[in-house]
Amino acid sequence: MAEATTTVPLADGGMPAHLWLPPSGRGPGLLLLQEIFGVSTYIRDRARDLAALGYVVLAPELYWRLAATVDESRDDVLEQAMALAAQLDWEQTVGDAVATLDTLRARPEVEGGVGVVGFCFGGGVAFNVAAVAEVDALVAYYGSALPQLLGLAGRVRAPSLHHFGTADDYLPPETVEAIRAAVSGPEVELHLHEGAGHAFDNPSPEFVHERARAEAWEQTVDFLARRLPVR
């Protein structure tokens with residue numbers, strides 16, 4: 001699979017973004033939105049997984065205006081990430097993501113629709129993007145901002161898939177049930193993964209829940225095959 005660095009034109013400059021092409025060189029587009037750790041090794045690995053399925057994947061560097069990035073080699077990686085995420089302006093970040101979606105849709109390699117996939121912080125951004133822009137599919141893993149975004153639920157028209165763990169300290173069961181009630185509909189699938197905590201798809205030992213990770217990925221692949229099929 002081909003990988004490249006590109007930019008997304010914005011009013012105040014060019015936002016760096018990372019592009020992965022599928023083996024065929026063409027396919028539906030997926031906007032991939034990061035956790036608070038940035039476009040990390042993990043996010044890049046998931047981008048390659050999605051490209052291997054046949055998708056054109058574009059992941060923007062949402063921290064691009066900040067003076068620092070997350071150093072994954074340090075022990076305080078979580079503290080670094082939380083400090084950076086706290087500096088972001090939410091509406092501006094959503095606007096950056098929508099601009100990336102537009103850039104992706106305009107790429108000559110993209111055919112057959114465009115979806116959005118987000119993890120944790122990116123799951124919330126993805127939900128917001130789907131509420132304000134046209135997308136063909138939404139996948140949100142434990143979207144951390146969803147409790148504050150439920151007023152937008154009626155504006156999300158795309159077929160949607162949500163993953164949550166039953167042992168998530170940030171999104172406890174009662175919060176997930178409130179999310180379920182707000183987003184429910186014939187085009188929405190919501191899966192609970194028993195015993196999994198927050199960020200269970202992240203392979204770092206402090207986060208990962210292997211059974212939930214495998215189960216959720218299988219469900220994600222199936223959902224995308226049905227809702228954003230590769231020709």
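Guide: The model is a predicted one.

Visitor: How is a pair of aromatic rings described, and what geometry do W90 and F121 show?

Guide: Two quantities describe a pair of aromatic rings: the distance of the centres and the angle of the planes. For W90 and F121 the centres are 5.8 Å apart and the planes stand at 90°, an edge-to-face arrangement.

Visitor: Where in the chain do these two residues lie?

Guide: W90 belongs to helix α3 and F121 to helix α4, so the pair links distant parts of the chain, 31 residues apart. W90 is partly exposed, with a relative accessible area of 24%. F121 is buried, its relative accessible area being 8%.

Visitor: What is the geometry of the pair formed by Y142 and F200?

Guide: The ring centres of Y142 and F200 are 5.1 Å apart and the planes are at 70°; the pair is therefore edge-to-face, as that term applies to angles over 60 degrees. Y142 sits in the loop between β6 (138-141) and α5 (146-149), while F200 sits in the loop between β8 (188-193) and α7, so this pair ties together parts that are 58 residues apart in sequence.

Visitor: Are Y142 and F200 buried or exposed?

Guide: Y142 is buried, at 0% relative accessibility. F200 is buried too, with a relative accessible area of 0%.

Visitor: Which residues form one aromatic cluster?

Guide: The cluster consists of Y42, F119, Y141, Y142 and F200.

Visitor: Turning to helices, how do the axes of α3 and α4 meet?

Guide: A helix crossing is read from the approach of the axes, their angle and the handedness. The axes of α3 (residues 90-106) and α4 (residues 121-132) come within 9 Å and cross at roughly 70°. Because angles of 65 to 115 degrees count as roughly perpendicular, α3 is roughly perpendicular to α4. The crossing of α3 with α4 is right-handed.

Visitor: Which residues make the contact of α3 with α4?

Guide: On the α3 side they are W90, T93, V94, A97, V98 and L101; on the α4 side, F121, G124, V125, N128, V129 and V132.

Visitor: How do the axes of α1 and α7 cross?

Guide: Helix α1 (residues 41-52) and α7 have axes that come within 12 Å and cross at roughly 40°. That makes α1 oblique to α7. This crossing is right-handed.

Visitor: Is A11 buried or exposed, and where is it found?

Guide: A11 is found in the loop between β1 (3-10) and β2 (13-20). Its relative accessible area is 92%, so A11 is exposed. The C-alpha atoms of A11 and D96 are separated by 10.0 Å, although the two residues are 85 residues apart along the chain.

Notes
Residues are numbered from 1 along each chain as its sequence is written. This is a predicted model: local features need pLDDT of at least 70, side-chain atom pairs count only at pLDDT 80 or more; totals for chains, interfaces and linings use all residues. Side-chain values use heavy atoms; hydrogens and water are left out. Axes are lines fitted to C-alpha atoms, for helices over the stretch in contact, and angles run from 0 to 180 degrees between N-to-C directions. Helices (H or I, at least four residues) and strands (E, at least two) are DSSP runs, numbered from the N terminus. Angles under 35 degrees count as roughly parallel, over 145 as roughly antiparallel, 65 to 115 as roughly perpendicular and the rest as oblique. A crossing is left-handed if the near helix is turned anticlockwise from the far one by less than a right angle, and right-handed if clockwise. Contact means heavy atoms within 4.5 Å. Buried means under 20% relative accessible area, exposed over 50%, partly exposed in between (1.4 Å probe, protein chains only). Rings of Phe, Tyr and Trp (its six-membered ring) pair if their centres lie within 6.5 Å; planes under 30 degrees apart count as stacked, over 60 as edge-to-face and the rest as tilted.
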